[in-house]
Amino acid sequence: MGFDSIWHWLIVLVIVLLIFGTSKLRNAGSDIGAAVRNFKKAMKEDADAAKDAKDGSVERLQADAPVAEAAKDAAKPQDHAP
């Protein structure tokens, strides 16, 4: 009895059905389907974002002032009125 025999696969299928039951297998199938749909949706969104970035239509954010410049500004003497 090898892996290419139809009887082997029928016995394996019966054992799996007895162990897990049809409801668990149905739930597992729907969970896998939902995961695949979410993966495809995320891949499409990433591709759209990459396309938008390539086109330049994505707004570019400016970074804060570098830490070295902020340290210089903090080291300057302040004029305080007494």
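# Reading a helix and its salt bridge

Tutor: Let's start with Lys-44 and Asp-48: both sit in helix H1 (residues 6-55), four residues apart, which is about one turn of the helix. Helices here are DSSP runs of H or I with at least four residues, strands are runs of E with at least two, and both are numbered from the N terminus. This is a predicted model, where local features need pLDDT of at least 70, side-chain atom pairs count only at pLDDT 80 or more, and totals for chains, interfaces and linings use all residues. Residues are numbered from 1 along each chain as its sequence is written, and side-chain values use heavy atoms, leaving out hydrogens and water.

Student: How many salt bridges does the structure hold?

Tutor: Side chains of opposite charge can pair when their charged atoms come close. Here there is one salt bridge (a side-chain nitrogen of Lys or Arg within 4 Å of a carboxyl oxygen of Asp or Glu). Lys-44 and Asp-48 form it, at 3.9 Å from N to O.

Student: Is Lys-44 buried or exposed?

Tutor: Buried means under 20% relative accessible area, exposed over 50%, and partly exposed in between, using a 1.4 Å probe and protein chains only. Lys-44 counts as exposed because its relative accessibility is 57%. Across the 82 residues of the protein, 1% count as buried.

Student: How many helices and strands are there in the protein?

Tutor: Two helices and zero strands. Take residues 6-23: that stretch is 100% helix and 0% strand, and its end C-alpha atoms are 24 Å apart.

Student: And where does Leu-10 lie?

Tutor: Leu-10 lies in helix H1. Leu-10 is partly exposed, because its relative accessible area is 38%.
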